[in-house]
Amino acid sequence: MIIKESAENYLEAILMITNKKGYARSIDIANELGFAKPSVSVAMKHFREEGYIETDADGKITLTTKGLEVAERVYERHKVIADALMALGVDEETALEDSCKIEHDISQTSFEKLKEFLERVKSGQ
């Protein structure tokens, strides 16, 4: 399944906010991503219709299994790439910014090799 970078960013933000606060609402996502609340509301409607999220009566957003799979994949890429860049000596702020850009475009093969390399570096091999 291929989804657009903006959709990946939304789903990743929902995951990160939920991990931090225990729940996510549209306003939290708007604040996290710097988007207008009406834009986020339209996106959430689309995600709900496509089966990526569910929303309860209080406006709390929950990732479905389908949405969680995408969010976790993107978030893992984000973390691994940032860690790899920092292991190379890149400062944390730059590594986090660059990982956001790279996480959407790196091939699965290159990502897996980067991940294996980072694990070897961390274990001292």
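The model is predicted. Its protein chain holds six helices and two strands.

**Overall fold**

- Along the sequence, the elements of the protein chain follow the pattern α-α-α-β-β-α-α-α.
- The C-alpha trace of the protein chain spans about 50 × 30 × 25 Å along its principal axes.

**How α1 meets α3**

- Two packed helices are described by the angle between their axes and the distance between the axes.
- Helix α3 covers residues 37-50.
- The axes of α1 and α3 come within 12 Å.
- These two axes cross at roughly 90°.
- Angles of 65 to 115 degrees count as roughly perpendicular, and α1 and α3 are therefore roughly perpendicular to each other.
- From α1, the residues in this contact are Ala-7, Tyr-10, Leu-11 and Ile-14.
- From α3, they are Ser-39, Val-40, Ala-43, Met-44 and Phe-47.
- By class, the contact of α1 with α3 has eight nonpolar residues, one polar residue and no charged residues.

**Aromatic pairs**

- The count of aromatic pairs comes to three.
- One of them joins Tyr-10 and Phe-35, with ring centres 5.5 Å apart.
- The ring planes of Tyr-10 and Phe-35 stand at 55°, so the pair is tilted.
- Tyr-10 sits in helix α1, while Phe-35 lies in the loop between α2 and α3.
- The pair links distant parts of the chain, 25 residues apart.
- Tyr-10 also belongs to the contact between α1 and α3.

**The largest pocket**

- The largest pocket holds about 180 Å³ of space.
- Three helices each supply at least two residues of its lining: α1 (5-21), α2 (26-33) and α5 (92-102).
- The largest share of the lining, five residues, comes from α1.
- Lining residues include Glu-5, Asn-9, Glu-12, Ala-13 and Met-16.
- Glu-32, Leu-33 and His-78 are also among them.
- Cys-100, Lys-101, Glu-103 and His-104 line the largest pocket too.
- By class, the lining has four nonpolar, three polar and five charged residues.

Methods:
Residues numbered from 1 in each chain as written. Predicted model: local features only at pLDDT ≥ 70, side-chain atom pairs only at ≥ 80, totals over all residues. Heavy atoms only, no water. 1 Å grid on protein atoms, 1.4 Å probe; cavity = no way out; pocket = protein on both sides within 12 Å on 5 of 7 lines; lining within 4 Å. Points joined across faces, edges and corners; volume = space filled by probe spheres on them. Helix = DSSP H or I, 4+ residues; strand = E, 2+ residues; numbered from the N terminus. Nonpolar A, V, L, I, M, F, W, Y, C, P; charged D, E, K, R; others polar. Axes fitted to C-alpha atoms, helices over the stretch in contact; angles between N-to-C directions. Parallel < 35°, antiparallel > 145°, perpendicular 65-115°, else oblique. Contact = heavy atoms within 4.5 Å. Phe/Tyr/Trp six-rings, centres within 6.5 Å; stacked < 30°, edge-to-face > 60°.
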